[in-house]
Amino acid sequence: QLLPKHVKAARGLLEITQAELARAAGVDENTVQFFESGRTIPREETLHKIQDALERRGIEFYNGGEPGARLRPSKAVIPTEPEANIAAICSTDLRAV
């Protein structure tokens, strides 16, 4: 299940704005803003578009006991910005987000 914390953390790893994610996912910027803030939960189809846009840029989501997101540039179908294109796996602990 995609959580608002996942999306916010993933955007941070990719260094992209809500507007950039919205464009990449083909959704309205308000959709991303309202989801991240917890105001609304988008339809399943919309969540899938957001998740797909992030995963195509190398984001991996995991839930388990400690939900999180990490950047795996080697898995990116769409290259990330040069600053984000690092060889190591980057992780974000969502408890701190």
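## Strand pairing

Strands β1 and β2 (residues 68-71) run antiparallel and are joined by 4 bridges. Two strands count as paired if DSSP finds at least two bridges between them. Across this pairing, Glu-60 stands opposite Arg-70 in β2. The model is predicted: local features need pLDDT of at least 70, side-chain atom pairs count only at pLDDT 80 or more, and totals for chains, interfaces and linings use all residues. Residues are numbered from 1 along each chain as its sequence is written, and side-chain values use heavy atoms, with hydrogens and water left out.

Strand β1 spans residues 59-62. Its covered face holds Ile-59 and Phe-61. Glu-60 and Tyr-62 lie on the uncovered face. In a regular strand the side chains alternate between the two faces of the sheet.

## Overall layout

The protein chain has 4 helices and 3 strands. Along the sequence the pattern is α-α-α-α-β-β-β. Helices (H or I, at least four residues) and strands (E, at least two) are DSSP runs, numbered from the N terminus.

Of the 97 residues in the protein chain, 38% are buried. Buried means under 20% relative accessible area, exposed means over 50%, and partly exposed is in between (1.4 Å probe, protein chains only). The accessible surface of the chain is about 5800 Å², and carbon and sulfur atoms hold 47% of that. These areas come from the Shrake-Rupley method with a 1.4 Å probe; for residues, only the protein chains shown count as cover. Among contacts with a separation of 6 or more, 48% join residues 24 or more positions apart. Contact means heavy atoms within 4.5 Å.

## Helix α1 and its end

Helix α1 buries His-6, Val-7, Ala-9, Ala-10, Arg-11, Leu-13 and Leu-14. Leu-14 lies in this helix and counts as buried because its relative accessibility is 3%. Ile-59 belongs to the covered face of β1.

Glu-15 is not a glycine, yet its phi is positive, at about 55 degrees.

## Helix α2

Helix α2 covers residues 18-25, and its buried residues are Gln-18, Ala-19, Leu-21, Ala-22 and Ala-25. Seen down the axis of α2, these fall within an arc of 160 degrees, so they line one face of the helix. The arc is that of the directions from the helix axis to the C-beta atoms. An α-helix has 3.6 residues a turn, so residues three or four places apart point the same way. The cover over the buried residues of α2 includes α1 (4-14), α3 (29-37) and α4 (44-55).

Ala-24 also sits in α2. This residue is partly exposed, because its relative accessible area is 36%. Leaving out residues up to four places away in sequence, Ala-24 touches Ala-53 and Arg-57. Ala-24 and Asp-52 are 28 residues apart in sequence, and their C-alpha atoms are 9.3 Å apart in space. Gly-26 follows α2 and has a positive phi, near 70 degrees.

Gln-33 is found in helix α3. Gln-33 counts as partly exposed because its relative accessibility is 27%. Pro-4 is 29 residues away along the chain, and the C-alpha atoms of Gln-33 and Pro-4 are separated by 9.5 Å.

Arg-39 lies over the face of Phe-34, at 4.0 Å from the ring centre. A charge sits over a ring if NZ of Lys or CZ of Arg is within 6 Å of the ring centre and within 35 degrees of the ring normal. A search of the whole structure finds 0 aromatic pairs. Rings of Phe, Tyr and Trp (its six-membered ring) pair if their centres lie within 6.5 Å; planes under 30 degrees apart count as stacked, over 60 as edge-to-face and the rest as tilted.
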